[in-house]
Amino acid sequence: MNLKNDLLLRAARGEQVERTPVWAMRQAGRILPEYRKVREQAGSFIKLATTPEMAAEVTIQPVDILGVDAAIIFSDILVIPEGMGLPYEMVEKRGPVFPRTVQTMSDLETLRVADPEADLSYVTDALKIVKRELNGRVPLIGFAGAPFTIFCYMTEGKGSKTFSVAKKLLYTDPEFSHALLQKITDSTIAYLKAQIRAGVDLVQVFDSWAGILSPAQYRVFSLPYIKQICDAINEVPVTVFAKGAYFARQEIGQLACSVVGLDWNMDIAETRQMIPDKTLQGNLDPCALYGSFDQIRAEVKRMVGEFGTQKYIANLGHGVYPDTPPDNVRCFIDAVKEFSQV
Ligand code: CP3
C-alpha cells in the first residue's frame with residue numbers, strides 16, 4: 001500500500017523532505033478526552049490493550065485529532081513479559097505491577113521465549129485493523145521496550161526511581177542477568193518481526209531506564225542486546241531511544257539503526273557532531289507544552305533551527321505528560337509544520 005504521507009519514512013531513511021515530520025511519544029492514550037471515553041468503556045487498560053478493535057480506535061485518534069505524521073500502536077512494552085509467561089497488572093495511579101518477579105535461574109526456567117503468533121496475537125490483530133483503517137494516510141510505528149528496560153520491570157516487579165533490585169542483580173548475578181536479557185531479546189526480535197508482518201512501517205525501541213546505568217554497565221547489559229535487535233531487523237527502519245544515555249550516544253550512533261532519539265538533556269549540535277550520518281528524533285522537554293502558545297512556538301522554532309529540517313523527526317524528549325492540554329500538543333505539531341517548511 002502506498003502511503004499518502006510518507007514524510008516520517010523518508011526522514012528516517014535520510015531522504016529529502018519538504019518539511020520535518022512530527023509525532024509525540026505517548027500520543028495515544030495519555031491526553032485525549034476521546035481516549036478516556038474508550039478507556040472507560042473498556043473498563044481497564046489491559047482490556048483496552050487486548051481488544052484489537054478498541055486498541056485500533058485509540059491508535060488512530062491522534063492522527064485525526066492532533067494531525068501527527070505517524071500513528072503508534074496502542075499497546076505497552078510490558079506485553080513482552082506477559083508473552084513470556086510473566087503477567088502484569090496495571091494499578092490505577094500506581095502503574096504496572098508484576099505479582100510474580102524473576103530473580104533466579106530457576107525462576108527464569110519457568111519462562112518461555114514469547115511466540116508472538118500464539119501469545120501476542122491481540123497486538124498483531126490490532127495492527128492489521130489500524131493498517132486497514134489508516135488506509136495509507138500516515139505510517140504506522142510499532143515498538144518494544146529495550147531488553148534492559150524490560151529486565152528492570154521483570155526483576156523489580158514495579159516502577160521505581162532507582163531500580164535497585166534490578167541493578168543489584170547485575171552485580172550479584174551477572175550470569176542470570178545475561179540469561180534473562182537474552183531471553184527477552186529473543187522474544188523481542190520475534191515480536192518486532194510479527195509487528196512488521198502485520199504491517200508496521202518503522203519500529204522504535206524504548207530504553208526508558210538507560211539513564212540509571214553507568215557507561216560501563218550500559219556497554220555490558222544494554223547495548224549488546226539492542227545491537228542484536230538492530231542487526232536482526234532489516235525490513236523497516238529502526239529508532240533507538242535510550243532515555244538518559246547521553247554518555248552512550250556515540251555507540252548508539254554506530255548501531256545498525258536508522259534513527260536515534262534524543263531526550264531534552266542532550267545537546268542538539270553536540271549530538272549531530274557525534275552522529276553525523278543518522279536521522280535524529282526529539283527532543284522538546286514535555287514540560288514546555290505547559291507554556292503559552294507563544295512560548296511553545298518559540299521553543300519549536302529554536303529546536304527546528306538547531307536540528308535543521310532534514311534528517312530530523314520532530315518529537316518530545318520523552319512521553320507527553322497526561323495533564324497536557326490537547327490544544328497545546330496541537331500547537332506544538334502545527335508549529336513544527338510551520339517552521340520546518342523547506
Ligand atoms: O505512544 C503511545 O501512546 C502508545 C502507547 C504506549 C503505552 N505505553 C500505553 C500506556 C507506549 C509506547 C508505552 C510504552 C511504555 N510503557 C514505556 C516506554 C516509554 C516511556 O514512556 O518511557 C514504559 C516505560 C511503559 C511502562 C508503563 N506502562 C508505565 C510506567 C505505565 C504507568 C504510567 C504511564 O505511563 O501512564 C504504563 C501504563 C500505560 N501504558 C498507560 C498507557 C496509555 C496508562 C494506563 C491507563 O490508561 O490506565
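The crossing of helices H11 and H13 is right-handed, a crossing being called right-handed if the near helix is turned clockwise from the far one by less than a right angle, and left-handed if anticlockwise. The structure is a predicted model, in which local features need pLDDT of at least 70 and side-chain atom pairs count only at pLDDT 80 or more, while totals for chains, interfaces and linings use all residues. Residues are numbered from 1 along each chain as its sequence is written, and helices (H or I, at least four residues) and strands (E, at least two) are DSSP runs numbered from the N terminus.

**Helix packing**

Two packed helices are described by the angle between their axes and the distance between the axes. Here the axes are lines fitted to C-alpha atoms, for helices over the stretch in contact, and the angles run from 0 to 180 degrees between N-to-C directions.

| Helix pair | Angle | Axis distance |
|---|---|---|
| H11 (residues 174-197) and H13 (residues 223-232) | about 25° | 10 Å |
| H4 (residues 52-66) and H8 (residues 121-134) | roughly 50° | within 8 Å |
| H2 and H4 | about 170° | 10 Å |

Angles under 35 degrees count as roughly parallel, over 145 as roughly antiparallel, 65 to 115 as roughly perpendicular and the rest as oblique. H2 packs against H4 at an angle of about 170°, which makes H2 roughly antiparallel to H4. This contact joins Glu-34, Tyr-35, Val-38 and Ala-42 of H2 to Met-54, Glu-57, Val-58, Gln-61 and Ile-65 of H4, where contact requires C-beta atoms, placed from the backbone, to lie within 7 Å. By class, the residues of the contact of H2 with H4 are six nonpolar, one polar and two charged; Ala, Val, Leu, Ile, Met, Phe, Trp, Tyr, Cys and Pro count as nonpolar, Asp, Glu, Lys and Arg as charged, and the others, Gly among them, as polar.

The axes of H4 and H8 cross at roughly 50°, and H4 is therefore oblique to H8. Their crossing is right-handed. On the H4 side the contact involves Pro-52, Glu-53, Ala-55, Ala-56, Thr-59 and Ile-60, which meet Tyr-122, Asp-125, Ala-126, Ile-129, Val-130, Glu-133 and Leu-134 in H8. The contact of H4 with H8 has nine nonpolar, one polar and three charged residues.

H11 and H13, for their part, are roughly parallel to each other. Leu-181, Thr-185, Thr-188, Ile-189 and Leu-192 in H11 meet Tyr-225, Gln-228, Ile-229 and Ala-232 in H13, and this contact has six nonpolar, three polar and no charged residues.

**Ligand shell**

The ligand is surrounded by 22 residues, of which the closest are Ala-28, Gly-29, Phe-45, Gly-95 and Ser-208; a residue is near a molecule if its C-beta atom, placed from the backbone, lies within 6 Å of it. The shell around the ligand divides into 11 nonpolar, seven polar and four charged residues.

**Backbone features**

Arg-26, although not a glycine, has a positive phi of about 65°, and Arg-26 is found in the loop between helix H1 (7-12) and helix H2 (33-42). The peptide bond from Gly-282 to Asn-283 is cis, with omega near -15°, and Asn-283 lies in strand E8 (residues 279-284).

Notes: Contact = placed C-beta atoms within 7 Å.
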